[in-house]
Amino acid sequence: MLMRVCWQWWWQPSSMEATALESLIEMGFPQNRAEKALALTGNQGIESAMDWLMEHENDPDLDEPYVPPQGHVLSTEEPPEGRTPESVQSGSDPTLEELTEEDNRRPLSEEEKREQTKRMMELITQKQREREEREKRESIEREKQRRKQGQELSLIRQKLQEDEMKKLAEERRKEKLEEKLAKQRVREKIERDKAERAKKFGGGCSSSSQGSTLPEQSAPIPVPSSPSQEPPVKREYDQCRIQVRLLDGTSLTQTFRAKEQLAAVRLYVELNRKDNGDEPFHLLTSFPRRVFTEEDMEKPLQELGLVPSAVLIVAKKGNS
């Protein structure tokens, strides 16, 4: 009948591990941290434990007691390879013999402990300096990235502002062009109306002007008055000659139809005046003195008594 053999391994510190543990505790590390660092680095020495502690100093469970992993319980009908039933029965184990030899090692003297502690403190200082330099480089790199992103954002904002200014300038240019075209259409309409009037009434005006000069050259023939003579018929004029005196002393002269509204005269002045043409103005007559209102602008020239000719004066609003 074969014997069932069970092995259970437990973590037990050797004298060298105990010396490293004591050195770490003397350097100021808590015992739980020191034990955990030595165990999780495979007991490869104080330097490995120090590196592990530096890397895991922010772990939330760093100060919790170290719990060694539970050994595996194996059942087999034959002893494992390299082991004999006699060694199993007698309890002898090469690993245990090595542990016993390590336990018999000489412990460090006080001078060696101080020397080892000094080396560890220098190692800690070096590790801290390296970490500070690494953090400084990372901080400088982050600052460079932040400035680069700030410059990129500034360039983007500047480009957006330039695009907005270009858009506003283009809209303003289009508005001015449309306004200019509108004024040009009004001037063309006035010129067409003027040409039509000249074509339609040019001959009559010349004949009437010639007829008006005849009485000046020849003396009027007296006609005997008689009670049965009819009163002279009032002449109807189709055209009206308007002279407009501007603020700077210059004048504009234009012929209009008698039935045209006074607003046509004001529009003609607005389009052709050169004396600070953006200011609002009134139209008035000096004798008899009369200031034309907005209601008068809708009335024809013959109704306002401006036919066949009249002189109008441009005055600033508020000075009339």
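The dialogue below walks through some features of a predicted model.

Biologist: What should I know about the model before reading it?
Modeller: This is a predicted model, in which local features need pLDDT of at least 70 and side-chain atom pairs count only at pLDDT 80 or more, while totals for chains, interfaces and linings use all residues. Residues are numbered from 1 along each chain as its sequence is written, and side-chain values use heavy atoms, with hydrogens and water left out.

Biologist: How many helices and strands does the protein chain have?
Modeller: Helices (H or I, at least four residues) and strands (E, at least two) are DSSP runs, numbered from the N terminus. Here the protein chain has seven helices and five strands, and from the N terminus on they run α-α-α-α-α-α-β-β-α-β-β-β.

Biologist: How do α2 and α3 pack?
Modeller: Two packed helices are described by the angle between their axes and the distance between the axes. Axes are lines fitted to C-alpha atoms, for helices over the stretch in contact, and angles run from 0 to 180 degrees between N-to-C directions. In this structure α2 and α3 pack at an angle of about 115 degrees, with their axes 8 Å apart, and they are therefore roughly perpendicular to each other (65 to 115 degrees; under 35 is roughly parallel, over 145 roughly antiparallel and the rest oblique).

Biologist: Is P65 buried or exposed?
Modeller: Buried means under 20% relative accessible area, exposed over 50%, and partly exposed in between, with a 1.4 Å probe and protein chains only. P65, in the loop between α3 and α4 (85-90), is exposed, with a relative accessible area of 57%. The C-alpha atoms of P65 and R33 are separated by 7.8 Å, although these residues are 32 residues apart along the chain. Of the 320 residues of the protein chain, 23% count as buried.

Biologist: Where are the cis peptide bonds from F287 to P288 and from V307 to P308 placed?
Modeller: The bond from F287 to P288 is cis, with omega near -10 degrees, and P288 is found in the loop between β3 (281-286) and β4 (289-291). The bond from V307 to P308 is cis as well, with omega near 5 degrees, and P308 is found in the loop between β4 and β5 (309-316).
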